[in-house]
Amino acid sequence: MDVGEKPLRKEITAGKVLKKIMADHFYELDAAAKSRSPKIAWCTSVGPAELLRGMGFLVYFPENHGAMLGATRMAAELIPYANAVGYSPDICSYLTSDVGSYLRKQTPLTKAYGIESVPLPDVLVFNTNQCRDVQDWFAWYSRELNVPLVGLYTHRDIGPIHKYELEDIAQQIRDLIPPLEEIAGTRFDMDRFKGALALSRRTSELWRACLESAAAIPSPWTFFDATIHMGPAVVARGTQAAVDYYELLLKELQERVVNKVAAVEGERHRIYWEGMPIWGKLRPLSDQFASLKTCVVASTYCNSWIFDQLDPNDPFLSMARAYTELFIVRDEPYKEAYIQDAHERFRFDGILFHDAKTCPNNSNNRYGMPERLSRNLGIPVLTINGDLNDLRCYSEEQTKTNIEAFIEQLEEV
Amino acid sequence: MGGIFAGVDVGASRTKVALLDEDRKLIGKAVLKSGTDFSRTAEAGLSAALEEAGCGRPEIRGCVSTGYGRKNVTFHNDTKTEISCHAKGCFHYFPMAITIIDIGGQDNKVIKLDDHGRRISFKMNRKCAAGTGAFLEEMSVRLDIPLEEMDGLAEASTDMVELGSYCTVFSATEVLEKIRQGKKVPDIVKGLFFSVLKRVLEMDSLTERVVMTGGVVAHNPYLVKMLEELVDREILVPPFPQLTGAVGAALFALEAA
Ligand code: SF4
């Protein structure tokens, strides 16, 4: 398909509102960065955003910026600058493209919103639940910008979750309060925190319902839509705007389900996407699947922003639970069972594993999981090699052929 | 009834055409350099194959194209990936559960089929073309040995030189080093063949019966013997291994008619 043609999947009307929410998010941050008020916290995507909102911080998510660098294909140009200051090309390419972006003073925010540079932080807050790269990433900015760094150290590779693990995290969250109060210059406001938690939870419930609408046959939307529409669940969770947005989106999706409107016209096959998106190739991949009458109906990735365990009546412990029960924090048997469970609900015919070169944390193909799932579920699996942002690790022609051959394999069944 | 069915496999390096009659018998074939104008090469290949078959174009009842340039073929009814076509072509000759190793000009594939010919899994080489036909072609240039002579040279080897790398560029450096050390050319060539096989074995496990196919095997049957020794089992090879993908494509055309 030629550049400039309309994408083959059906557009979602709520997209206009989405654009506004994302724009408002960045304008608000930009204004705050310029006037130095309110204070800005940089937070990892599954870090304690609600706590920060409870202290009056505006929250900025560098991973979201990383994804933008990937989606705009600026990453490929910027990564080498991070490599030049000593960062290995083998580590997270969100990190390397973001650091490259900082070094070159180039950001997609300029073209999208006319914002000159990313809003600088007053504090950096990480959570190691997803990986350790985020800690190194934030530590670099902490040294570079001379900004305090605090964080949570989550247990990893967890099977059954124990109370002591949650209590430990809950205590770590409480321990963040005094240093954050000092930086914020205000006292921690429990009611505000609980309010943010309640909104986050509501956002999560709605986001889950949106994702689960894809269980309908035909599916009202695709993984590629969801990667875009998850924006507010990432950057605006804990705000009313996010809640309003997902109410609107859910309504549209439910209408599609009732009217049997398919995201992919004539849906013949349903696929599960396991692993990171390939941000720079969302459009061609989405078009290829659509042209093959295949809908990528679900993914682990988009589910990573469901935190419906949050409970304003038990704020610290429930927050610890929400950020520990996540897929990425869990052990292999849990992950396998999780995908099997998804299969029951979404009824997909095959699983695509994306082996992302720079994110082993989100690449679950490396210890035989594809083969085990294929055997247990009796469906074929495909592994494609690529990366979230570093397109040097991705071969488009090879991937296209692999996907086409995979769909041909499904047709044979 | 009557009529013929065409399969056109436009690979990155060679274009192959196979014509089958309605009894699935191969009646015409052609292999050409793909060059830069895929549609013209496909046309030329089709004409050559028709001539061999002694048939005319109107007799063609269906055509399926495959390979990198499959979409460039102007006269196809349908396209299929080379993975499906190699699977189909190999199963036609060996209707049993098989692991197919296809060594092409730029791609290696390992495809597993069950005893109904259904695909269980497939793997293609990743970005780089190490261990494919391109590797041997490059080495033939570096060593200044005609490509056709490689197989005979490898077979004549008495003391294979093992190369550590399967990367084309690194292997070239290693080969130069071996020449400096006074190693014999046949022993080096066998070492190059061995590195092709190592590359293939690195892609996937071999289960069931093993079938080797593709242009490289067609021109270097000694590779098959080497793999047989290496894995200590019999390796099956279809007739005209370079054409297996094209035959598979023609079979798809036949079945669709
Ligand atoms: S989980 Fe992967 S993509 Fe996300 S920050 Fe860590 S390494 Fe990067």
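## The interface between chains A and B

In this predicted model, chain A and chain B bury about 1600 Å² between them, with carbon and sulfur atoms giving 44% of that area. The contact draws on 17 residues from chain A and 20 residues from chain B. Three salt bridges run between the two chains. One to look at is the pair A:Glu404 and B:Arg70, whose closest N and O atoms are 2.7 Å apart. Between chain A and chain B there are also nine residue pairs in polar contact, with both partners at pLDDT 80 or more.

On the chain A side, strand S8 (381-386) and helix H18 (396-412) each supply at least two of the residues that touch chain B. H18(A) gives the largest share, ten residues. By residue type, the side of chain A that touches chain B splits into six nonpolar, six polar and five charged residues.

## Helix H12 of chain A

Let us move on to a helix of chain A. H12(A) covers residues 240-258, which makes 19 residues. From its first C-alpha to its last, H12(A) reaches 27 Å, close to the 27 Å expected at 1.5 Å a residue. Just after H12(A), A:Lys260 takes a positive phi of about 55°.

Which residues of H12(A) are buried? They are A:Ala242, A:Val243, A:Tyr245, A:Tyr246, A:Leu249, A:Leu250, A:Glu252, A:Leu253 and A:Arg256. The list takes in A:Glu252 and A:Arg256 along with residues such as A:Leu249 and A:Leu250. The cover over these buried residues includes four helices of chain A: H1 (15-35), H9 (190-212), H10 (223-229) and H11 (231-235).

## Helix H9 of chain A

Helix H9, part of that cover, is also the place of A:Leu199. With a relative accessible area of 21%, A:Leu199 is partly exposed, because the buried class ends under 20%. Setting aside residues up to four places away in sequence, A:Leu199 touches A:Gly238, A:Thr239, A:Gln240 and A:Val243. Of these, A:Val243 is one of the buried residues of H12(A). The C-alpha atoms of A:Leu199 and A:Gly238 are 4.7 Å apart in space, although the two residues are 39 apart in sequence.

A:Glu205 meets A:Arg201 in one of them, at 2.8 Å from N to O. These two residues are separated by about one helical turn, because they stand four residues apart in the helix. A:Glu205 forms a salt bridge with A:Arg202 as well, with the closest N and O atoms 3.2 Å apart; here the spacing is three residues, again about one turn of the helix.

Elsewhere in chain A, a network of salt bridges links A:Arg208, A:Glu212, A:Asp308, A:Asp341 and A:Arg345. Over all chains, the salt bridges come to 45.

## A salt bridge between two helices of chain B

In chain B, B:Lys225 forms a salt bridge with B:Glu155, the closest N and O atoms being 4.0 Å apart. B:Lys225 lies in helix H8 (residues 221-231) and B:Glu155 in helix H4, so the pair ties together parts that are 70 residues apart in sequence. Both ends are partly exposed, B:Lys225 at 42% relative accessibility and B:Glu155 at 43%.

Is B:Lys112 buried or exposed? It counts as buried, at 10% relative accessibility. B:Lys112 sits in strand S7 (residues 108-113) of chain B, and its side chain makes a polar contact with the side chain of B:Ser205 at 2.7 Å. Beyond four places in sequence, the residues that B:Lys112 touches include B:Ile98, B:Thr99, B:Arg118, B:Arg119, B:Asp204 and B:Thr207.

B:Leu147 has its place in the loop between helix H3 (133-143) and helix H4 (150-155) of chain B. B:Leu147 counts as partly exposed, at 31% relative accessibility. Leaving aside neighbours within four places in sequence, B:Leu147 is in contact with B:Leu136, B:Glu137 and B:Ser140. B:Leu147 and B:Asn220 are 73 residues apart in sequence, with their C-alpha atoms 9.5 Å apart in space.

Note on methods. Residues numbered from 1 in each chain as written. Chains lettered and ligands numbered in written order. Heavy atoms only, no water. Contact = heavy atoms within 4.5 Å. Buried area = accessible area lost by both parts, 1.4 Å probe. Salt bridge = Lys/Arg side-chain N within 4 Å of Asp/Glu carboxyl O. Polar contact = N/O pair within 3.5 Å; in protein donor to acceptor, adjacent residues only side chain to side chain. Nonpolar A, V, L, I, M, F, W, Y, C, P; charged D, E, K, R; others polar. Expected span 1.5 Å × (residues − 1). Buried < 20%, exposed > 50% of the residue type's maximum accessible area, 1.4 Å probe, protein only.
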